[in-house]
There are 2 protein chains.
Amino acid sequence: MSVATALRNDWLEELKALLGERVSTAAAVREQHGHDESWHETAAPEAVCFARSTEEVAAIVKICAAHRVPVVPFGTGTSLEGHVNALHGGVTIDLGEMNAILRVSAEDLDCTVQPGVTRKQLNEHLRDTGLFFPIDPGANASLGGMAATRASGTNAVRYGTMRENVLALTVVLADGRVIRTAQRARKSSAGYDLTRLFVGSEGTLGVITEVTLRLYGIPESISAAVVSFPDIEGAVQAVITTIQAGVPVARIELLDEVQMEAIRNYSGLDYPAQPTLFLEFHGSEAGVAEQAETVGAICGDHGGGDFRWSSRTEDRSRLWEARHNAYYAALAMRPGSKGWPTDVCVPISALAECIVETKKDLAGSFLLAPLVGHVGDGNFHLSFLLDPDKPEELAEAHRLNDRLVMRALALGGTCTGEHGVGYGKMKFLQAEHGEALSVMRTLKQALDPDNIMNPGKIVAV
Amino acid sequence: MSVATALRNDWLEELKALLGERVSTAAAVREQHGHDESWHETAAPEAVCFARSTEEVAAIVKICAAHRVPVVPFGTGTSLEGHVNALHGGVTIDLGEMNAILRVSAEDLDCTVQPGVTRKQLNEHLRDTGLFFPIDPGANASLGGMAATRASGTNAVRYGTMRENVLALTVVLADGRVIRTAQRARKSSAGYDLTRLFVGSEGTLGVITEVTLRLYGIPESISAAVVSFPDIEGAVQAVITTIQAGVPVARIELLDEVQMEAIRNYSGLDYPAQPTLFLEFHGSEAGVAEQAETVGAICGDHGGGDFRWSSRTEDRSRLWEARHNAYYAALAMRPGSKGWPTDVCVPISALAECIVETKKDLAGSFLLAPLVGHVGDGNFHLSFLLDPDKPEELAEAHRLNDRLVMRALALGGTCTGEHGVGYGKMKFLQAEHGEALSVMRTLKQALDPDNIMNPGKIVAV
């Protein structure tokens with residue numbers, strides 16, 4: 001046995017002494033924790049720890065720090081850029097058992113949860129309080145993971161992203177120290193914004209072990225609408241006009257004709273296979289009706305067809321279930337395929353150009369790639385449908401995605417609106433941030449000098 | 001001449017070679033740049049530079065870095081915790097001449113400005129576009145200064161603070177490098193949130209030389225209301241209920257009976273000298289009427305008197321002018337006095353308790369201290385009216401403020417909701433942040449290893 005292996009075994013023994021059965025080196029467990037929902041290749045950790053408290057996470061990190069062993073936090077594994085893949089081995093900390101809702105304050109419209117609580121679990125828990133947590137990335141992700149990824153989704157146009165909705169975090173640092181990033185007040189000017197520094201840091205600066213979130217009152221009235229357009233420019237222009245008019249739409253989602261065809265087949269919705277907007281309105285009864293009327297008129301001005309509006313809960317549920325299943329509907333277009341979702345976000349004035357140029361690229365490609373978008377924010381996704389065993393398909397997806405990202409950057413946009421960097425997007429950060437990337441590297445080195453926190457993600461050091 | 005002085009003169013010569021007449025060592029200019037609007041004692045810099053571009057700021061900082069000379073950024077000097085006081089001498093960079101509005105995009109609802117543009121200047125410029133920038137701290141502060149302080153004010157309950165409304169910054173770092181913190185997309189998950197790191201950093205990590213801001217459409221309808229209460233608890237409970245009910249009030253300001261007495265005398269408003277709420281509603285005509293009706297009923301439930309509602313522009317202007325002059329009205333209660341504004345912010349559920357206990361302290365003190373508050377956020381201010389030549393008055397203000405801050409922290413609040421730390425609030429940060437303060441210190445040391453950027457503010461190193 002080499003000295004290195006002997007040293008590395010020390011940490012495993014120490015972890016076992018700390019956690020007993022809650023450390024696993026079983027191949028199946030390691031494999032399951034070595035990948036997310038994307039096409040990125042599995043990279044399994046050497047051990048998986050199932051932590052139950054902030055103190056345990058701190059103790060695990062201290063052991064890893066002493067032995068310079070990588071630490072990868074794991075929530076539900078629903079990320080899309082290889083965030084949880086253990087590229088340099090080491091220890092994955094599964095936070096799924098830290099799933100307690102610690103506190104809900106109806107008066108303050110906030111709550112504190114452990115990182116393994118999922119967004120659906122929180123909303124189930126809140127149901128009787130009249131409150132809800134709006135951020136909805138589609139997947140039933142953990143709130144710790146959503147904070148770490150700076151996630152958003154369909155409601156962000158109205159309620160913001162995790163950036164706006166995390167009030168404070170408890171974080172275990174790279175040396176095992178535990179900090180609270182902020183008090184619970186709605187606003188503060190008391191020093192550097194550590195909350196926002198850790199939101200979106202993807203486990204590379206510390207492990208999030210508690211999340212304090214903003215909550216909202218369930219609106220008095222909610223209604224939904226669907227409207228089809230003869231072309232995608234008309235749909236996008238209708239969105240731009242709606243946002244400029246200051247209509248506080250809660251959701252405004254674009255699906256292109258390919259995605260609508262997929263949804264017709266998968267979810268049995270009988271809307272035409274044309275570019276389509278799915279909308280949701282929140283407010284008082286009169287307010288919701290007024291919003292729908294305004295947006296209906298705007299859509300009409302841009303060539304929209306019948307504005308199908310409904311305030312019936314079952315109609316809404318059916319619509320949003322179909323929207324949430326868009327990814328699976330896309331995959332079903334090509335059975336056995338894997339999806340590669342892209343994620344650019346541009347200033348809304350550039351959205352029509354960005355989408356139209358991208359669709360031209362797709363028209364000249366052999367890959368099938370339905371489009372969905374949180375277009376009120378300027379954010380849209382293609383899903384490349386790949387046979388992962390065919391290198392030429394992966395190469396073509398890379399080529400198209402590279403062109404898409406560079407187009408978005410040239411238009412003042414970003415390579416990732418909500419999925420995060422993981423290691424899949426690292427190659428674009430120099431082009432996006434320039435010299436600012438070196439500041440990110442400085443921060444990483446200052447807070448994690450031994451590069452043990454989710455190494456190989458966001459910034460190379 | 002000592003070696004040190006000789007070395008120090010070198011930097012002055014280099015600055016003069018760079019800027020010519022736009023470097024001043026005149027006593028009056030240095031004195032004017034050595035203090036803000038608060039009671040904190042003047043600390044003049046050794047020289048004042050009037051910069052005209054990002055490149056000039058970078059060149060100034062490079063000269064200062066080479067000679068280890070402190071750099072203090074200066075906007076309008078309207079801060080309140082000694083942010084601009086040159087505690088260790090060095091060079092103040094006056095950014096007032098960098099006052100160009102570089103770009104307005106009505107389609108994207110955003111703009112980019114130089115840091116010396118004031119909020120009133122921006123709103124004048126925007127008037128014909130149908131857009132406005134809502135953040136309103138009272139003073140006609142510069143937008144660079146507001147970003148650096150993480151300012152907010154009366155509209156934050158609806159529109160958020162500078163934290164939510166700065167999309168990107170250009171920053172000159174401590175070594176003179178220039179970075180752009182983000183692209184212009186509404187949301188991004190592309191790495192660490194440098195924008196939010198520099199918002200609120202008060203010049204201690206870099207000098208802000210461009211600010212990209214969110215804009216909003218001017219609402220179709222705006223109305224205002226005033227309502228008096230027999231006691232302050234009733235007024236606060238009415239606010240809490242309004243926020244919980246999800247009414248999107250644009251402004252909801254509390255003034256206590258002392259402040260109302262001051263305003264009656266100063267602005268000639270004939271409202272009774274009782275705890276009073278000033279409100280503003282933004283929306284469609286029907287929406288604004290609906291909001292006013294809801295809030296009127298809530299106020300009635302909590303003992304509020306006549307709900308005086310008006311959509312006439314002149315009534316609104318008179319009301320908000322009186323609110324903005326509250327500080328001067330307070331000072332006029334004791335001619336020749338200086339004001340010391342406090343700034344705690346607590347979770348709204350703790351607001352009534354925090355205010356009531358604080359009023360008890362005041363009842364037992366010889367100092368006069370009117371109260372105003374952005375109570376929808378849980379943020380309120382006392383203005384201690386001091387004779388600065390009387391040490392016993394300063395001591396009493398310290399005693400009362402210490403008690404107030406410790407009370408707010410115990411209730412889950414912060415020592416500063418919007419004024420920032422400067423050097424006036426540094427002594428409270430350990431109690432507020434605990435171990436997290438050491439992370440702030442690590443960040444400061446990583447980005448400004450020689451401690452030349454506004455030294456002696458936020459964190460001691």
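The buried residues of helix 9 of chain B pack against helix 6 (156-159), strand 13 (251-255), strand 14 (276-283), helix 11 (285-301) and helix 14 (351-363) of chain B. Buried means under 20% relative accessible area, with a 1.4 Å probe and protein chains only. Contact means heavy atoms within 4.5 Å. Helices (H or I, at least four residues) and strands (E, at least two) are DSSP runs, numbered from the N terminus.

This is a predicted model, in which local features need pLDDT of at least 70, side-chain atom pairs count only at pLDDT 80 or more, and totals for chains, interfaces and linings use all residues. Residues are numbered from 1 along each chain as its sequence is written, chains are lettered from A in the order in which they are written, and side-chain values use heavy atoms, leaving out hydrogens and water.

**Helix 9 of chain B**

Among its buried residues are Ile232(B), Val236(B), Val239(B) and Ile243(B). The helix has 13 residues, 232-244, which should span 18 Å at 1.5 Å a residue. The expected span is 1.5 Å times one less than the number of residues. The end C-alpha atoms are 19 Å apart, which agrees. Just after the helix, Gly246(B) takes a positive phi of about 75 degrees.

**The sheet of chain B**

Seven strands form an open sheet in the order 15-12-14-13-17-18-16, with antiparallel pairing. Strands pair if DSSP finds at least two bridges between them. Strand 15 (308-310) and strand 16 (338-341) stand at the edges; each has a single partner strand, so one side of each is left without a neighbour in the sheet. The twist averages 20 degrees from one strand to the next.

Eight bridges join strand 12 (residues 221-228) to strand 14. In strand 14, Glu280(B) is the bridge partner of Ala224(B). Angles run from 0 to 180 degrees between N-to-C directions, with axes fitted to C-alpha atoms, for helices over the stretch in contact.

| Helix (chain B) | Strands (chain B) | Angle |
|---|---|---|
| Helix 11 | touches strand 12, strand 14 and strand 15 | about 155 degrees with strand 14 |
| Helix 15 (391-410) | lies across strand 16 and strand 18 (379-386) | about 165 degrees to strand 18 |

**Two copies**

Chain B can be laid on chain A with an RMSD of 0.0 Å, by a turn of 180 degrees and a shift of 0.0 Å along the axis. The copies are superposed by least squares on C-alpha atoms of residues with pLDDT of at least 70 in both. The two are thus related as by a two-fold rotation axis. The same surface serves both: 100% of the contact residues of chain B recur in chain A.

Definitions and conventions: Buried means under 20% relative accessible area, exposed over 50%, partly exposed in between (1.4 Å probe, protein chains only).
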